[in-house]
Amino acid sequence: MDTIYALSSASGRAGVAVIRLSGPGAVAALRRMVVGELPPPREAGLRRLRHPETGVDLDQGLVLIFPAPRSFTGEDAAELHVHGGRAVVRSMLEALAFCAGLRPAEPGEFSRRAFEHGKLDLTAAEGLADLVNAETEAQRRQALRQLRGELGDLYERWRAALLRALAHMEAHIDFPEEDLPPDLAEQTKSTIGALSAEIAAHLQDKHRGERLRDGISVVILGPPNVGKSSLLNALAGRPVAIVAAKAGTTRDVIEVQLDLAGYPVTIADTAGLRDSEDEIESEGVRRAQARAGEADIKILMVDVADYQHVAAELSALADDDALFAINKCDLAAVPPQTRLCGRPAFAISARTGAGLDSLLAALREAVVERAGLTEAPVLTRQRHRQALEQCREALERALAAPGLELLAEDLRLAVRAIGRITGRVDVEDLLDVIFREFCIGK
Ligand SMILES: Nc1nc2c(ncn2[C@@H]2O[C@H](COP(=O)(O)OP(=O)(O)OP(=O)(O)O)[C@@H](O)[C@H]2O)c(=O)[nH]1
Ligand SMILES: [Mg+2]
């Protein structure tokens with residue numbers, strides 16, 4: 001097994017840079033580079049560091065050694081906390097390359113080794129990648145929960161229950177004359193039925209974990225010139241989109257990422273919906289409509305001058321995911337508690353900022369409803385969903401199976417499907433895909 005090393009902190013100038021090593025040659029490499037004794041395991045020691053061949057002084061920094069198996073990867077591992085100057089880091093990495101058996105790590109290779117040595121299951125490894133990528137508070141909390149194993153534990157509990165049921169069935173098949181409880185098959189079926197229902201409920205999550213991970217998409221839609229781009233600019237706090245008195249100003253979809261009370265939100269401004277002769281504008285309208293179909297939440301915008309007459313193409317979009325914004329309320333008043341097409345409507349002025357607080361509060365509520373953290377852990381990837389669906393299909397087939405052998409066979413498939421999520425069974429094909437999501441040095 002090679003020994004790998006990488007800069008684990010971000011590249012670029014910094015106060016401190018952390019270089020990690022993992023593998024059987026880690027300690028020997030440090031013996032060649034550290035001046036004096038190595039510090040005892042898991043204790044930081046300030047040491048001078050030198051080039052292993054030339055003996056040239058490179059830096060002084062903290063040296064930490066984590067002998068196997070008590071390390072992140074489960075192998076002998078070490079960390080060097082050196083000064084974060086570009087030349088220092090470069091000279092350290094060059095020096096490490098001189099040590100026999102050492103090579104730079106591939107992206108995700110440290111985590112992959114941790115997985116291979118049983119330190120992390122696949123869901124925890126994914127949680128770690130999400131934690132490194134988390135941009136907002138809610139994303140951070142969801143990722144940390146997954147890293148700590150909440151999701152993996154749930155799936156392992158299900159897998160263990162299925163394995164128990166399978167063992168019972170196999171005993172029944174192999175030793176029919178033994179004194180097994182007569183209603184064993186019935187008991188097993190009721191266990192399977194209960195688990196299948198539990199998995200079905202877990203799958204009915206409206207994609208909240210995936211939404212939180214990817215960001216919740218909000219789209220602003222409405223007729224031309226009502227102030228959609230002005231609202232986007234007001235929410236972003238900067239002039240992202242062009243605002244003009246001419247109808248048909250916005251042609252393309254313009255996006256802004258916001259952190260809305262800890263939730264990652266992408267707000268998209270679109271072309272005003274109308275029939276247009278202009279080829280470019282019509283394409284803009286087509287894109288707006290496509291975006292309306294994909295968005296998690298829609299802000300339907302109308303002008304205060306004629307808000308009572310919502311155009312048919314807009315009212316067709318007024319489903320449970322929509323709320324209305326009546327803009328330009330600096331020009332005329334709107335009665336309180338107004339609703340349009342049965343949906344709540346917020347009187348705002350993108351120009352003065354009036355009413356934006358209430359609109360934002362409603363938006364926040366809609367976001368939390370769709371992506372807020374729940375007591376129970378939620379799945380966060382399509383991969384989890386697919387495996388759970390396969391597991392459930394196998395369980396339903398098992399329940400309908402005409403004989404015990406067939407029941408056992410489907411149960412075996414269900415166990416496998418769920419085992420793939422945590423990485424308990426044949427996942428070689430998945431590993432490259434999963435760990436390539438990581439950055440180098442993680
Ligand atoms: N009085 C008033 N004018 C506004 C308000 N919001 C926007 N406007 C004006 O309305 C005009 C159109 O604004 P935009 O934000 O470009 O409207 P839009 O909906 O993006 O228009 P299209 O991109 O053409 O569909 C501009 O002249 C804005 O200055 C508002 O709250 N009050
Ligand atoms: Mg616009």
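What follows is a short exchange on selected features.

Reply: This is a predicted model, in which local features need pLDDT of at least 70 and side-chain atom pairs count only at pLDDT 80 or more, while totals for chains, interfaces and linings use all residues. Residues are numbered from 1 along each chain as its sequence is written, and side-chain values use heavy atoms, with hydrogens and water left out.

Me: Which helix gives the most to the lining of the largest pocket?

Reply: A pocket here is an open set of points on a 1 Å grid over the protein atoms alone, where a 1.4 Å probe fits, with protein on both sides within 12 Å along at least five of seven lines, and lining residues have an atom within 4 Å of a point. The largest pocket is lined by 25 residues, of which Asn225, Gly227, Ser230, Val243 and Lys328 lie nearest its centre. Helices are DSSP runs (H or I, at least four residues), numbered from the N terminus. With 3 residues, the top contributor to this lining is helix 9 (residues 228-236).

Me: How many aromatic pairs does a search of the whole structure find?

Reply: Rings of Phe, Tyr and Trp (its six-membered ring) pair if their centres lie within 6.5 Å, and planes under 30 degrees apart count as stacked, over 60 as edge-to-face and the rest as tilted. On that basis, the search of the whole structure gives a total of 2.

Me: How many residues apart in sequence are the parts tied together by phenylalanine 115 and phenylalanine 435?

Reply: These two rings form a tilted pair, at 6.1 Å centre to centre and 40 degrees between the planes. Both phenylalanine 115 and phenylalanine 435 are buried, meaning under 20% relative accessible area with a 1.4 Å probe and protein chains only. Phenylalanine 115 belongs to helix 3 (residues 109-116) and phenylalanine 435 to helix 15 (residues 428-435), so the parts that they tie together are separated in sequence by 320 residues.

Me: Which helix holds both tyrosine 155 and tryptophan 158?

Reply: Their ring centres are 5.7 Å apart and their planes at 35 degrees, so this pair is tilted. Tyrosine 155 is buried at a relative accessible area of 0%, and tryptophan 158 also counts as buried, at 2%. The two residues lie 3 residues apart, about one turn, in helix 6 (residues 150-174).

Me: How many of the 12 residues of helix 4 are buried?

Reply: The buried residues of helix 4 include Leu122, Glu126 and Asp130. Helix 4 is largely enclosed by the rest of the structure, because the number of its 12 residues that are buried is 9.

Definitions and conventions:
Chains lettered and ligands numbered in written order. Buried < 20%, exposed > 50% of the residue type's maximum accessible area, 1.4 Å probe, protein only.
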